[in-house]
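Reader: I would like to go through this model feature by feature. Please give the general idea each time, then the case at hand.

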Amino acid sequence: MLGEGILKGMAETAKNFVGSYFSAERMTTVQYPEERITPYEAARVFPFLVYDSRNTADPSDWEAGMRCVACQICEKECPPKCIYIDKSKDKKPDAIGKPQFYPSRFDIDISVCMSCQICVEVCPFEAIKMDTVYELSTDDRFGGLLLDREQLAKSNEYYHRIHPTEAAEVDDRLSEGRAKTDAKITAGAIAAAIRGAEVPATAKAATKPVADGAVEDDAARAAAAKKAAEPPTGAEN
Amino acid sequence: MQGNMDQIFVLLQHWLMGYLPMALQPLAGVVLGVVAIVCVFPALFALTTVFERKGLARIQNRIGPNRVGPFGLLQPIADGIKSLTKEDIVPLSADATVHFLAPVVLVVTVFMGFAVLPMGRNMVLVDLDAGLLFYFAMGASAELSVFMAGWSSRNKYSLMGAMRAVAQMISYEVVLLLSSVTVVMMTGSLSLTKIIEAQNHYTWGLPHWFIFTPWGLAGFVMYAIAATAETNRSPFDLPEGESELVAGYHTEYSGFKFALFFLGEYLAMFSISGLGTTLFLGGWSAPLAWLAWVPSWIWFFSKLMMSIFVFIWMRGTLPRLRQDQLMNFAWKLILPMCLLNLMVAALWRFLGEGWLRWVVCSAILIAAYAGMSLNELRRKQIGPRRYRYAE
Amino acid sequence: MSFVFYLLATLTVAGALAAVLLKNTVHCALALTVAFAGLALLFLDLDAQFAGFAQILVYIGAVAILVVFAILLTKGSETPKDGVFSRTWVAGLAVAAAVFAVLAWAVIQTANLLPSSAPAPTVTVQQIGQALVGRYVLPLEIVAVLLTAAMIGAVIIAMHEKDGVK
């Protein structure tokens, strides 16, 4: 019959109207400043710099624990060139105690950044990751959208909070890397010790004082290697 | 006491008139009535814009505006401030005088239509003998303003939108008039107060509203369809919807003039609903005899607001009709039904009182409706779609 | 001859003059609408309610729109380059003056015949209706047939044009 569809449609909309007052799952509205949609795990907005809490006295000391070594790969790979890095003149010890450069200036212009994540993909030190904060609007037209080192540095715990799976993977990789480095150093120390032990045996027929000096050098090297194997375990704590 | 509540506005008017000398009193009375209409209906318009947005939102499973005021009820104030402070852009090649006059003509003619609506017992601004004719005369003049708006913008899309709007309004004007003529036939008068008086009787507590008769129900349905088309409401809002798609007759208007068009459209909706309630729903008479203690103007305005809610409901339910579809609908479907309705109404009168006329008239109308709907559906050949793909 | 009559008469004549003298055709159509409105108000001034409202409904609501559509659908909406006044305006003026003279003579003649102090009869819509279907039923039916013939003619012309285009 003519008009049947219209009446069915009107019944449907009436059901919607009445139902919207009684069942909360019908309403898809998220009323913005009071409620927010939680970003899903792979969300990305702008980069941030990860720091580990290496300073036991002050866990939020980002300067001591920043992973970035100012290799400037991300600056070169960034497509809109929104990263500005200045390498430092001195060196600071990194996660395994090795002295590394650090960025004395690391600015990202977030009005230019296009969130492509290339800087994250190319960083060899897992130092720069994507953040999920989007409420970054400011009325300072000139410097407000140029984030500097301090604003960009966020702790590893924060990284775990926003991207738990990714952070766990990164931590595993980093500790694996450190374990490998440890193993290499201890293997080197053992090999050096073995070589130190062999040389005096073969060089006994040769000049004795030279062999003593060689043994002492090797022994000193083995002792130094053993000492070097210790700090990584200290740093991982 | 009930009589006083019912006549409170009339008493208020007479009391205010009493402060003036005898010579000026009739003029003062009319001016007070005009002031009342000019204040009440735009306020109702403001409220309706919020209700429309909230109603449509709830129908679409979302919350409407809820930031300004409790439940968003002060939203029209924000909208009003916005439209008053927007820049009034008149295109360089537009015809400035006609561009300016178009919204003015619209609002003036629509306000004139309110002058003959009886909003309560003894609450008509002007009790004209040919009140219905005056109302339709003002409605017809509103079409001219639509055309003026579209033409003066010097924009071919505006012009096309305006021509389509005028064509639609003219076609449905015929339907509107014919469905009202049945009511005039039964009451024998064009005066709206007499039409209400003819409906203000009760049998076994039920009222004699014209909608409760077969020809009245058919007439009311056709009147409602024609009213939605006359005021360019969904599903007939192609002139307006084109503003969203390409352009419409009010595309070159911004700021306050656009607000005036908006106001004119909603006021036209109110006045046409008011006329519909007067003709078919008994105007200010109560639905049941024992409810007559409620003031008459409350009944009128509640029936008016119910019609507005039905308009909003239809808007949320139906998709837009294409121009050729709506013209077909008017001339091929509704107009024959309207003419048949006229004859059925005449038959109703000549068969005299009794059950026979109910049966005969209902049978004729239902048979005609069923026949027409089967005919339409058969011609449509609705079947599964066949797709043609590029080779 | 009251003040209201003079005001409405000025409005009507101004509208009619503007309809003839304006350059833009659509402006002329709108000025004609003003003249129609003036006529309707004159009817209302004479207490002829039905005639006044029917004038608004039919003339402004239908004829004016018809005129405007006709202007738009033909190319009349552009301002003609040679100016709006024809070169044979003297002959036109003479003809118009002659017609005016005849009409004025007819009106003055009937005005002389009417008793000057008779009150104007109040004609209700009901009386008009009864007259239409009583005394004037034959003209009513003829006008109905004429309108139907006009509508059928319009439909046939439109249909033939469509076939012609195909």
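Author: Strands of a sheet pair through backbone hydrogen bonds, in a parallel or an antiparallel sense. In this predicted model, β5(A) and strand β7 (residues 146-147) of chain A pair in the antiparallel sense over two bridges. A:Asp109 stands opposite A:Leu146 in β7(A), and the bridge partner of A:Ile108 in β7(A) is A:Leu147.

Reader: Which strand is joined to β5(A) by five bridges?

Author: That is strand β2 (residues 83-87) of chain A, which runs antiparallel to strand β5 (residues 103-109) of chain A. A:Lys87 stands opposite A:Pro103 in β5(A).

Reader: In what order do the strands of the open sheet in chain A lie?

Author: The order is β2-β5-β7 in chain A, three strands with antiparallel pairing. β2 and β7 of chain A each have a single partner strand and stand at the edges, so one side of each lacks a neighbour in the sheet.

Reader: Is A:Gln117 partly exposed or buried?

Author: A:Gln117 counts as partly exposed, because it has 14 C-beta neighbours inside 10 Å. A second case is A:Glu126, which has a positive phi of about 50° and is not a glycine either. A:Glu126 lies in the loop between α4 and β6 (128-130) of chain A. With 20 other C-beta atoms within 10 Å, A:Glu126 is buried; the cut-off for buried is 20 or more.

Reader: Now chain C. How many helices and strands does chain C have?

Author: Chain C has six helices and zero strands. Along the sequence its pattern reads α-α-α-α-α-α. Of its 166 residues, 18% count as buried. Among contacts in chain C with a separation of 6 or more, 55% are between residues 24 or more positions apart.

Reader: How should I read the packing of two helices, and what is the case for α2(C) and α3(C)?

Author: Two packed helices are described by the angle between their axes and the distance between the axes. For α2(C) and α3(C) the angle is about 175° and the axes are 8 Å apart. Angles over 145 degrees count as roughly antiparallel, so α2(C) and α3(C) are roughly antiparallel to each other. The contact includes C:Leu32, C:Phe36 and C:Phe43 of α2(C), and C:Ile56, C:Tyr59 and C:Ile71 of α3(C). By class, the residues of the contact of α2(C) with α3(C) are 17 nonpolar, five polar and no charged.

Reader: Which helix of chain B packs with α3 of chain C?

Author: Helix α6 (residues 131-152) of chain B packs with helix α3 (residues 49-73) of chain C, at an angle of about 20° and with the axes 8 Å apart. Angles under 35 degrees count as roughly parallel, and α6(B) and α3(C) are therefore roughly parallel to each other. Their crossing is left-handed. The residues that meet include B:Phe134, B:Phe136, B:Leu144 and B:Phe147 in α6(B), and C:Phe50, C:Phe53, C:Leu57 and C:Ile65 in α3(C). The contact of α6(B) with α3(C) has 17 nonpolar, two polar and one charged residues.

Reader: How many residues does each chain give to the contact of chain C with chain B?

Author: Chain C gives 17 residues and chain B gives 17 residues. On the side of chain C that touches chain B, α2 (25-45) and α3 of chain C are the elements that give two or more residues. α3(C) has the largest share of that side, 12 residues. By class, the side of chain C that touches chain B has 13 nonpolar, four polar and no charged residues.

Reader: And how many residues come from each chain where chain B meets chain A?

Author: There, 13 residues come from chain B and 13 residues from chain A. α3 (25-59), α12 (296-317) and α14 (355-380) of chain B each supply at least two residues of the side of chain B that touches chain A. α14(B) gives the most to that side, with four residues. The side of chain B that touches chain A divides into six nonpolar, four polar and three charged residues.

Methods
Residues numbered from 1 in each chain as written. Chains lettered and ligands numbered in written order. Predicted model: local features only at pLDDT ≥ 70, side-chain atom pairs only at ≥ 80, totals over all residues. Axes fitted to C-alpha atoms, helices over the stretch in contact; angles between N-to-C directions. Parallel < 35°, antiparallel > 145°, perpendicular 65-115°, else oblique. Left-handed = near helix turned anticlockwise from the far one by under 90°. Contact = placed C-beta atoms within 7 Å. Nonpolar A, V, L, I, M, F, W, Y, C, P; charged D, E, K, R; others polar. Pairing = 2+ DSSP bridges. Buried ≥ 20, exposed ≤ 12 C-beta atoms within 10 Å, placed from the backbone.
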